[in-house]
Amino acid sequence: MHIMKIIYDFYTEGRENIRPTLIPVQADTVELWHDIEAACFQASWGMDSCRDFLSERTNHVWAFSLDGGETLIGAAALQVLPPEAELLRLAIKEPFRRHGFGRQFMTALIKWLRDEGVNRMWLEVRVSNEPAISLYESLGFERNGLRKRYYKNNDEDAYTYGRTI
């Protein structure tokens, strides 16, 4: 954690226009995604689940970097079936949260999805995850449902969101 704080300070101090990079995660780099999962989620996906996810041609995982791939600060997992896509996971490591990186990553993901022929995006979010809800709503996602006891680790409900992209 201390090293991540030093890295965060290095990359953000005096650098208002950081441009995060999207890096595709493949089967041979699945450990990088799994490490981000484990660092960010109480109910993270196991290594086998990550590998299985990547084995499906409709599934895509992107890692996020501030420095061209040396330091990964987040990841996203999506299922893409044009003209629709579903964001299944979005993770940003501490201390990079609440500094606009999630917004930049979502914006880059939406651009990539448009390039892939997607025009509608869906996601679920824990009802208690106020920062994520705020981010998604500020990006134009509209709440369209509630899934009762959606999260198995604690039976928490999930809101469903969607938007045209």
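Contact here means heavy atoms within 4.5 Å. The structure is a predicted model, in which local features need pLDDT of at least 70 and side-chain atom pairs count only at pLDDT 80 or more, while totals for chains, interfaces and linings use all residues. Residues are numbered from 1 along each chain as its sequence is written, and side-chain values use heavy atoms, with hydrogens and water left out.

**Nonpolar cores**
- A nonpolar core is a set of buried (under 20% relative accessible area, 1.4 Å probe, protein chains only) Ala, Val, Leu, Ile, Met, Phe, Trp, Tyr and Cys residues joined through side-chain atoms within 4.5 Å.
- The largest such core has 31 residues, and M106 and Y136 have the most contacts inside it.
- Helix α4 gives the most to this core, with seven residues; helices (H or I, at least four residues) and strands (E, at least two) are DSSP runs, numbered from the N terminus.
- Beyond its neighbours within four places in sequence, Y136 is in contact with L87, L90, M106, L123, V125 and F141.
- A second, separate core of 14 residues includes V30, C50, A63 and A91.

**Helix α3 (residues 47-54)**
- The buried residues of α3 are C50, F53 and L54.
- These residues lie on the same side of α3 because they cover an arc of only 95° around the axis, the arc being that of the directions from the helix axis to the C-beta atoms.
- The face turned away from the buried side carries D48 and D52, both exposed (over 50% relative accessible area).
- The cover over the buried residues of α3 includes α2 (30-40), β2, β3 and β4.
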